[in-house]
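Thanks for coming, everyone. I will walk through one model this morning, element by element. Please look at the screen.

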Amino acid sequence: MSQPIAGLLKLDFRDSGEFVAHPEVSTMACVAQPAAPLSIGSLTLTSPVVLAPMAGVTNVAFRTLCREQEREKMGSVSGLYVCEMVTARALVERNEKTLHMTTFAPDENPRSLQLYTTDPHWTYEAAKMIADENLADHIDMNFGCPVPKVTRRGGGSALPYKRKLFGNIVAAAVRATEGTDIPVTVKFRVGIDDAHKTHLDAGRIAAAEGAAAVALHARTAAQRYSGKADWSEIARLKDHMADSGIPVLGNGDIFAASDAASMMDQTGCDGVVVGRGCLGRPWLFAELAAQLTGRPLPPQPTLGEVTRIIQRHAELLAAHHGEEHGCRELRKHVSWYLRGFPVGGDMRRDLARVSTLAHLANILAPFSDSPALADDADGARGRQGSPGKVVLPEGWLDDPEDDTVPEGADIMHSGG
């Protein structure tokens with residue numbers, strides 16, 4: 001149920017029994033107690049917000065757009081924007097696709113790169129290459145991917161079950177960056193399933209091996225992206241790591257600025273990692289920065305403003321991929337951008353076939369002055385699906401202390 005107060009706030013009563021305030025008329029509505037800046041090794045973020053790496057989404061075009069939106073609405077860039085995941089071995093072997101994915105904008109600072117890896121050898125070589133060739137200012141490590149093609153080879157969210165192997169991999173990245181200002185961070189899930197939770201051990205091991213921060217997606221691999229994230233597991237990890245001296249970040253179901261504040265309040269986490277909530281909403285990071293630094297939230301963009309953001313996104317994609325490829329890449333973003341806006345099926349179909357920047361501009365032109373606002377601005381978005389059994393290598397659960405590198409797992413494609 002909802003109840004307006006003085007025309008300024010709407011209070012939503014959630015299943016958890018809490019009231020959460022949302023701006024309804026005035027953007028001067030209540031803001032959270034300002035969060036402290038987030039320090040990750042040598043990096044200091046004014047706003048404790050991290051863009052989660054997402055395959056096919058968080059390339060240089062999208063990151064630039066998010067940063068532009070934050071700078072335009074808030075006057076500066078305060079968070080951390082992580083590029084798509086790249087495979088450690090593919091990076092070392094200088095795979096052309098992988099190197100293209102590591103493109104950063106000239107003014108992007110700090111430059112954040114996420115590695116997928118299952119082998120301490122390739123981890124060390126990739127991290128050393130990043131340091132020696134000045135490819136990035138921050139390395140994140142992916143141990144959270146739940147997709148079957150990754151877990152069946154022992155990678156992603158399957159790997160932290162192997163405690164020694166996990167520790168060896170984190171240690172290799174930290175060792176390769178010794179003497180530099182490049183912090184290494186680690187992202188993982190609660191575990192494989194409810195019977196095989198690994199996050200408390202993973203946090204302790206990562207800290208012991210020199211990680212500068214850890215981030216927890218508060219779902220198991222079996223949940224994938226279904227249901228609700230269990231924020232209480234973030235609180236458990238934060239308590240478990242109270243003496244570690246490193247930040248704990250929370251991830252899962254942040255679809256509005258108020259969600260980030262609620263997560264930090266409920267779990268005590270030091271910062272938030274935002275993934276699906278920003279799909280089709282690159283301006284979300286400006287809202288998060290405002291919420292978490294105690295400033296008024298910027299107004300929601302109108303449909304006319306969104307059309308200009310879509311056009312800018314297409315231009316950035318074209319600059320990165322070439323016009324034809326860039327326009328094809330834009331198509332998957334269209335439904336996210338237009339969610340909740342009063343546009344007809346014809347426009348959506350036309351955008352799903354857009355092939356040039358001029359074609360895009362013609363489709364968007366009739367809506368360029370529309371004052372319409374989305375009627376589902378803060379709703380869940382992105383992939384959700386259903387839970388399922390986690391596909392693992394044969395005998396994977398037999399010995400959690402086995403540090404044998406899983407065969408073939410290091411040949412996964414970057415971004416996948």
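I start with α6, which is mostly covered: 11 of its 14 residues are buried. Buried means under 20% relative accessible area, exposed means over 50%, and partly exposed is in between, with a 1.4 Å probe and protein chains only. Before I go on, a word on the source: this is a predicted model, where local features need pLDDT of at least 70, side-chain atom pairs count only at pLDDT 80 or more, and totals for chains, interfaces and linings use all residues. Residues are numbered from 1 along each chain as its sequence is written, and side-chain values use heavy atoms, with hydrogens and water left out.

Back to α6. The buried residues are R163, L165, F166, G167, I169, V170, A171, A172, A173, V174 and A176. What do they pack against? Their partners are α4 (120-132), β9 (138-143), β10 (184-189), β12 (196-197) and α7 (199-208). Contact here means heavy atoms within 4.5 Å. Helices (H or I, at least four residues) and strands (E, at least two) are DSSP runs, numbered from the N terminus.

Now the length of α6, residues 163-176. At 1.5 Å a residue, its 14 residues should span 20 Å, and the end C-alpha atoms are 20 Å apart, so the two agree. The expected span is 1.5 Å times one less than the number of residues.

**The barrel**

Step back to the whole protein. It has 14 helices and 15 strands. Of its 416 residues, 57% count as buried. Take the contacts with a separation of 6 or more: residues 24 or more positions apart account for 72% of them.

Which strands close into a barrel? There are eight, in the order β6-β7-β8-β9-β10-β13-β14-β15, and the pairing is parallel. Neighbouring strands of this sheet are turned by 25° against each other on average, direction ignored. Axes are lines fitted to C-alpha atoms, for helices over the stretch in contact, and angles run from 0 to 180 degrees between N-to-C directions. Two strands pair if DSSP finds at least two bridges between them.

One pair in detail. β14 (residues 248-251) and β15 (residues 271-274) pair in the parallel sense over three bridges. L249 stands opposite G271 in β15.

Two helices on this sheet deserve a look. α1 (residues 60-74) packs on the sheet and touches β6 (49-51) and β7 (80-87). The direction of α1 makes about 175° with that of β7. α10 (residues 284-292) also packs on the sheet, touching β6, β7 and β15. The direction of α10 makes about 165° with that of β6.

**More on α1**

α1 is mostly covered, with 11 of its 15 residues buried. Among them are V60, F62, L65, C66 and M74. R63, R67 and E70 are on that buried list too. The buried residues of α1 pack against β6, β7, α10, α11 and α12 (323-338). Its 15 residues should span 21 Å at 1.5 Å a residue, and the end C-alpha atoms are 21 Å apart, which agrees. Just after α1, G75 takes a positive phi of about 90°.

**Two helices side by side**

Next, α11 (residues 303-321) and α14 (residues 357-364). Their axes come within 10 Å and cross at roughly 175°. α11 and α14 are therefore roughly antiparallel to each other; the class takes angles over 145 degrees, with under 35 roughly parallel, 65 to 115 roughly perpendicular and the rest oblique. From α11, the contact uses T307, I310, Q311, A314, E315 and A318. From α14, it uses L357, L360, A361 and L364. By class, that contact has seven nonpolar, two polar and one charged residues. Ala, Val, Leu, Ile, Met, Phe, Trp, Tyr, Cys and Pro count as nonpolar, Asp, Glu, Lys and Arg as charged, and the others, Gly among them, as polar.

S370 is in the segment after α14. Is S370 buried or exposed? Its relative accessible area is 18%, so S370 is buried. S370 touches T302, L303 and G304, not counting residues up to four places away in sequence.

**Backbone points**

Last, the loops. The peptide bond from N109 to P110 is cis, with omega near 0°. P110 sits in the loop between α3 (96-101) and β8 (112-116). R94 is in the loop between α2 (88-92) and α3. R94 is not a glycine, yet has a positive phi of about 60°. At 44% relative accessibility, R94 counts as partly exposed. N134, in the loop between α4 and β9, has a positive phi near 55° and is likewise a residue other than glycine.
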